[in-house]
Amino acid sequence: MTGSLRARWVVVDIEGTLTATSQVHVVLYDYARPRLGPWIDAHPEDERVRRAVADTKAEGGLSADASTAEVVAVLHSWMDADRKAAPLKALQGLIWEQGYARRELISRYFPDAFPALRRWRESGVDLAVFSSGSVAGQIASFSHSTDGDVTGLFEHHFDTVNAGPKREAPSYRAIAAGLGDPRPEEIVFLSDVPAELHAAAEAGWQTVGLARPGEPFADADFAPHRAVESFDEIHIVPVGGGDTDV
Ligand SMILES: CSCCC(=O)C(=O)COP(=O)(O)O
Ligand SMILES: [Mg+2]
């Protein structure tokens, strides 16, 4: 149990925090993997695709005239290594967006996650997301969940493009600016990855680690952060609100 944390904002990670890592690495990655090449070839005029392909070539050490197959090989190697490179995330997000729209994908979140988020929001705390998944992918996923469309819960979405790398403190300062510059200690960040919590704490945020049983970071050393196994153990009180648990 965290005891009561006073906050104006709660910012949540997705993979390992709201959803099982297997939902991303198995369900979503397997959906994207065979569709990357066809998507690139079918959308040569889409500026987002052109930029992602050019960035993949640059980051992947390919020549500017590399083939789609060579680009896809780099993207697949990043997926195999779970390297959350921005061009990969951009392409995955577009593919997932269509998969959700076609009802070929549906998001499954941990059962404790959305009840807690709803409680906090109803008590007056605002919510935002910071994930390596692209903003387009985040919104598509929240639009088509087993809990229905839950996009209305979140005021802001941040990814590694509009905020920066998740393990670096300046990204959390950029997010705070995007939230209207609340005092840093009035923001709580929830994540399963200790290095992300370290970066958020360096920016002055409160932090809580999610050590969910069976998840990759369940046995990680979360110190000096608080760590819990589920959202049921996190009590958030809005800044200026009463001291009752919510
Ligand atoms: C539902 S958006 C896809 C999530 C994703 O691609 C991802 O890499 C999640 O990483 P996170 O930073 O949320 O741990
Ligand atoms: Mg995560």
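Biologist: Is phenylalanine 114 buried or exposed?

Modeller: Phenylalanine 114 is buried, with a relative accessible area of 1%, where buried means under 20% relative accessible area, exposed over 50% and partly exposed in between, for a 1.4 Å probe and protein chains only. This is a predicted model, in which local features need pLDDT of at least 70 and side-chain atom pairs count only at pLDDT 80 or more, while totals for chains, interfaces and linings use all residues. Residues are numbered from 1 along each chain as its sequence is written, and side-chain values use heavy atoms, with hydrogens and water left out.

Biologist: How many aromatic pairs does the structure hold?

Modeller: A pair of aromatic rings is described by the distance of the centres and the angle of the planes. The structure holds 11 aromatic pairs, counted for rings of Phe, Tyr and Trp (its six-membered ring) with centres within 6.5 Å, and called stacked for planes under 30 degrees apart, edge-to-face over 60 and tilted for the rest. The rings of tyrosine 109 and phenylalanine 142 have centres 5.5 Å apart and planes at 20°, so this pair is stacked.

Biologist: Which pair is edge-to-face, with 80° between the planes?

Modeller: Phenylalanine 114 and phenylalanine 142 form that pair, at 6.2 Å centre to centre. Phenylalanine 142 is buried, with a relative accessible area of 0%. Tyr109, Phe114, Phe142 and Phe154 form one aromatic cluster.

Biologist: Over which ring does the charged end of arginine 35 sit?

Modeller: The charged end of arginine 35 sits over the ring of tyrosine 31, 3.6 Å from its centre, the criterion being NZ of Lys or CZ of Arg within 6 Å of the ring centre and within 35 degrees of the ring normal.

Key
Chains lettered and ligands numbered in written order.
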